[in-house]
Amino acid sequence: MRYIIPVKAYQLQTLGGQMAKDNAQSSFQRGVMSLLILSLLDQEDMYGYQIVQEIAARSSGTIVTQEGSLYPVLYKLQDQGMISGEKRMTRVYYHLEEPGHRRLQELVHEYQVMTRGVFQIIQRETDAKEGG
């Protein structure tokens, strides 16, 4: 399975309940993207295109994003003081700040709790179908 995470406001549809669904999905995707960015920057400073490439490489191509989708998340994290940017030659390298490290720990915990809950539901559904 491959997940593409380009999140753009103009892609949202307004038919029926689709916009609410898309907003929730977009919010989830932005949260996952923040988690991935903070996690990568916890290991080393990186520039935008490098982050895109690392996400694809480390997920074995399962998670693919585009630079255009990445930068709004980077700018938001920067505005929140989670990361900082430093221009080196022609690239801006992003660095994880202490508030970003704390937020990373929170996001990892939240993601683990959510994933555990999802797997419990999925497992019960699978067990019920296999048993019944």
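Me: Is methionine 89 buried or exposed?

Reply: Methionine 89 is exposed, with a relative accessible area of 79%. Here, exposed means over 50% relative accessible area, buried means under 20%, and partly exposed lies in between, with a 1.4 Å probe and protein chains only. This is a predicted model, in which local features need pLDDT of at least 70, side-chain atom pairs count only at pLDDT 80 or more, and totals for chains, interfaces and linings use all residues. Residues are numbered from 1 along each chain as its sequence is written, and side-chain values use heavy atoms, with hydrogens and water left out.

Me: Where is methionine 89 found?

Reply: Methionine 89 is in the loop between β4 (83–88) and β5 (91–96). Strands (E, at least two residues) and helices (H or I, at least four residues) are DSSP runs, numbered from the N terminus. The hairpin of β4 and β5 has two residues between the strands, and methionine 89 takes a positive phi near 55 degrees there.

Me: Which other residue, just after α2, takes a positive phi?

Reply: That residue is serine 60, with a phi of about 55 degrees. Serine 60 lies in the loop between α2 (48–58) and β3 (63–64), and at 69% relative accessibility it counts as exposed.

Me: And which residues in α2 are buried?

Reply: In α2, the buried residues are Gly48, Gln50, Ile51, Val52 and Ile55.

Me: Back to the strands. How many bridges pair β4 and β5?

Reply: β4 and β5 pair over six bridges in the antiparallel sense. Two strands count as paired if DSSP finds at least two bridges between them. Isoleucine 83 has leucine 96 in β5 as its bridge partner, and lysine 87 stands opposite valine 92 in β5.

Me: Which strand do two bridges join to β5?

Reply: Strand β2 (residues 46–47) is joined to β5 by two bridges, and the two run antiparallel. Tyrosine 47 has tyrosine 93 in β5 as its bridge partner.

Me: New topic: which residues form a nonpolar patch on the surface?

Reply: Met114, Val118, Phe119 and Ile122 form the patch, with about 400 Å² of accessible area together. Accessible areas come from the Shrake-Rupley method with a 1.4 Å probe, and for residues only the protein chains shown count as cover.

Me: Where does methionine 114 lie?

Reply: Methionine 114 lies in helix α4 (residues 98–131). At 53% relative accessibility, methionine 114 counts as exposed.

Me: What counts as a patch?

Reply: Patches are made of residues with over 30% relative accessible area and no salt bridge; like charges are joined within 9 Å, and nonpolar side chains (Val, Leu, Ile, Met, Phe, Trp, Tyr) within 5 Å. A salt bridge is a side-chain nitrogen of Lys or Arg within 4 Å of a carboxyl oxygen of Asp or Glu.
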